[in-house]
Structure formats: C-alpha cells, structure tokens
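Here is a short briefing for a first look at a protein model. Keep the structure open while reading.

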Amino acid sequence: MSGPGGPVVGMIGAGQLARMTQQAAIALGVELRVLAGSRDESAARVVADVRLGDHRDLSDLRDFAKGCDAVTFDHEHVPTEHIGALLADGFAVHPGAEALVHAQDKAVMRERLTAIGAPCPAWRRVATAADVEGFAADHGWPVVLKAVRGGYDGRGVWICRSAADAAEVLASGVPLLAEAFVPFERELAVLVARSPHGQGVSYPVVETVQRDGICVEVLAPAPGLDPEAAAAAQRIALGIAKDLGVTGLLAVEMFATASGLVVNELAMRPHNSGHWTIEGARTSQFEQHLRAVLDLPLGSPAPTAPVVVMANLLGGEDPDVFSRYEHVMAHDPGIKVHFYGKEVRPGRKIGHVTALGTDLDEVRARARHAAVYLCEGTYT
C-alpha cells in the first residue's frame, strides 16, 4: 500500500505533534493522514488527508486505517481494546496495544517496570483513605496520588501532605495509585526510538524545567550530567523500549536523585521533551518516529550544536502573537519559532522557540527572551 508520493502513515489525533510530523513527512515523501475530531484542530489545518472521526469509535478507527501502511498516535487516549482489534484485523499499528497500555495505565506501567527491574518509587494501588494512610505509614508523608489513567501536564497528580488531603482526592472517585514522594534534584528525560525489527537509538539526555506541572523549558544536553549517569539513563530507556516491545518513539521521564535515577512517566509518541530536535539534532523526533513505524533504518540522533534550548510558548492575555514576530526575528535571527495553529488562551501551549549555540547561559537567555516577548509583549 502506498499513495502517489510514497507510503501512507495514519496518525490518530490531530494535535501539534501530528502537525509537526507533517513537516517531516513531506521531506521523507511519506503521505500523512490524520484522524481529527474537527477541521479546526492543529494538524487538520495543514494536512491534506484529514479524516473526521472519533478515536473512541472502533468503526471510525477501522475506516481510518484502511489503506495505511502504518497507523500510529498523536496521543494515548485510544481505548486499548480498540488497538488490539485493529491489530487482529491485520493493520500495522505502532506501538501495539501490549506496549501502549504502559503509557495509558500507570498501575500497569508500575507493575511492569517493577518486574523488569527499572528504578521506580515505592507505589501501591489505593481505593480508600485507610489504604493511603497505610501507605504513608510505610513510606511517609507527603504521598503522591496519581490518576491511573488520563493525567498529563500536571493534571491527575496530587501531592497530599495529610490524610485530609488524600480524602479530598479520593472523593472524586477516580481510580488512583499512591507513590512515595521523590526528593529529586532535577527532572530528566530520555527519548529513544525502536523499530519493529529491533533497531534502537537514543537522543542525548535532556533536563526538563517544570512550572505548575507544565514543561516550560528543555536543556539539551542536560547540563553538568556525569557521562556515566547519562549513559545509565539511556540504557534504562532503551531497555524499557525493548522489554515493553515499543515500536516508534518512547520518552522516559526521570527524576535525578542523590541516590540515582528514578523513572517517573512514559510516553509512546513524539514528546515535548524532544521538540528541540527539529533544529537541534541530525534527525528530528518526528522524522525518527516515521522511520521507526515504517521499519526504515533509523536516523542519527546526534546534536547539531553543543547547546540547544527549547522554551514552550504559553498563551498570555494578548492573543495577537503574530504582531510580535518582528521584534523577535530582528532581535535574534537565529531563533526558530514554531506555532501550533491554536487559539491563544492564558497558560495554553501554543508553540515553542528553539535557540542553538555554545554557551548555556547565553542560549538559555535568548530562548527565554523570545518566549516571554512573544507571549507577553514585554521582557524584564
């Protein structure tokens, strides 16, 4: 199966990840098809082959997959049983249901990671206040409660410092697990890719800077990280990809602690921590994901500059972002700006900027200046 321009990759979801995948697809001669809920979604505005449908409806998914050489995901919200049904129908789906469930269900993830020996915090499924108090008796307060399914960008995570805090979260009725609070020094992320025939590559370990549970900045490579610790993080991520049978990209979010690395979360798709690779690596994460799901030889993950900084653009009060391009482009012609075609709302991710160079402080200041000015119209 292929279209006039080459193989057809169907991406379920039409957010900014699919939008940026379209850029990579053009250069590779891959035809990208997206399943969108509406034509106003980020990728639906720029992809030629848009199919409207519901990612929760199996018949919509089956219709969408027809004619695709590979089917993959812009998000992890497709029901696991639907992915299994598509595989049973003979469609090439990457990652498959048995892998993707570990990015969909945090309890399943913790069970499997614990079983394969990946470094994890102490954890337990909880349903009652007594369960949480019992966990706290063993591991201390605060206790981190997480929604088993559906949380992202800080949503679905609660740091509880008392039984009263936990009771308030439990009252929501959301299935939860408890984790021991990890006193981390900083947050790291490792992005790896794995193809169906087992080739794997790892990008440099990066530091992610969070504010209110949202990633605001990525520093590549992670500054001051001991080479042995970086290699250990890459080995952990590649080992998880192999043991879970991941095909495509896997982002492994980690905590760096005084006693070593701890795995926090998994994502099986292009990831915010890898947006820097568009200009900052020989092969962007979006091209790498297409290569992997089509079982093509993987590209070089080597960086193109000694230091790369990506800063997310979070919407401010003034939606007229385009009018501020002139200042940013004139002030720093080396800045690369990416917008996602989304309506501007305060706090919403509407794009990102990337700066490259040799000095971390200088590159970081350039990225911050561009991000703050684009979003707020001022810089202090």
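The points below go from the whole chain to single residues.

This is a predicted model. The protein chain has 12 helices and 17 strands. Its radius of gyration is 21 Å, close to the 21 Å that the globule rule gives for 380 residues, so the chain is as compact as a globular protein of that length.

**Overall build**

- The C-alpha trace of the protein chain spans about 60 × 55 × 40 Å along its principal axes.
- Of the 380 residues in the protein chain, 54% are buried.
- Take the contacts between residues at least 6 apart in sequence: 61% of them join residues at least 24 apart.

**A four-stranded sheet**

- An open sheet is formed by 4 strands, and their order is β5-β8-β6-β7.
- The pairing in this sheet is antiparallel.
- Strands β5 (123-126) and β7 (157-160) are the edges, and each of them pairs on one side only.
- On average, neighbouring strands of the sheet are turned by 25° against each other, direction ignored.
- Strand β5 pairs with β8 (residues 176-180) in the antiparallel sense, over 4 bridges.
- Within β8, A178 is the residue that stands opposite R124.

**Helices on the sheet**

- Helix α5 packs on the sheet and touches β5, β6 (143-147) and β8.
- The direction of α5 makes about 145° with that of β5.
- Helix α6 (residues 129-139) also packs on the sheet, where α6 touches β5, β6 and β8.
- For α6, the direction makes about 165° with that of β5.

**Where two helices cross**

- Two packed helices are described by the angle between their axes and the distance between the axes.
- Helix α5 (residues 106-116) and helix α8 (residues 227-244) have axes that come within 11 Å and cross at roughly 110°.
- That angle makes α5 roughly perpendicular to α8.
- On the α5 side, the residues that meet α8 are R112, L113 and I116.
- On the α8 side, they are I240, D243 and L244.
- By type, the residues of this contact divide into 4 nonpolar, no polar and 2 charged.

**Cis peptide bonds**

- Most residues other than glycine have a negative phi, and most peptide bonds are trans.
- The bond that joins H94 and P95 is a cis peptide bond, with omega about -5°.
- P95 sits in the loop between α3 (80-88) and α4 (97-104).
- From W141 to P142 the peptide bond is cis, and omega is near -5°.
- P142 belongs to the loop between α6 and β6.

**Positive phi angles**

- D212 is found in the loop between β11 (206-211) and β12 (214-220).
- The relative accessible area of D212 is 74%, so D212 is exposed.
- D295 is not a glycine, yet D295 has a positive phi of about 60°.
- The loop between α10 (285-293) and β15 (307-314) holds D295.
- D295 has 33% relative accessibility, so D295 counts as partly exposed.

Conventions: Residues numbered from 1 in each chain as written. Predicted model: local features only at pLDDT ≥ 70, side-chain atom pairs only at ≥ 80, totals over all residues. Heavy atoms only, no water. Axes fitted to C-alpha atoms, helices over the stretch in contact; angles between N-to-C directions. Helix = DSSP H or I, 4+ residues; strand = E, 2+ residues; numbered from the N terminus. Parallel < 35°, antiparallel > 145°, perpendicular 65-115°, else oblique. Contact = heavy atoms within 4.5 Å. Nonpolar A, V, L, I, M, F, W, Y, C, P; charged D, E, K, R; others polar. Pairing = 2+ DSSP bridges. Rg over C-alpha atoms; globule rule 2.2 N^0.38 Å. Buried < 20%, exposed > 50% of the residue type's maximum accessible area, 1.4 Å probe, protein only.
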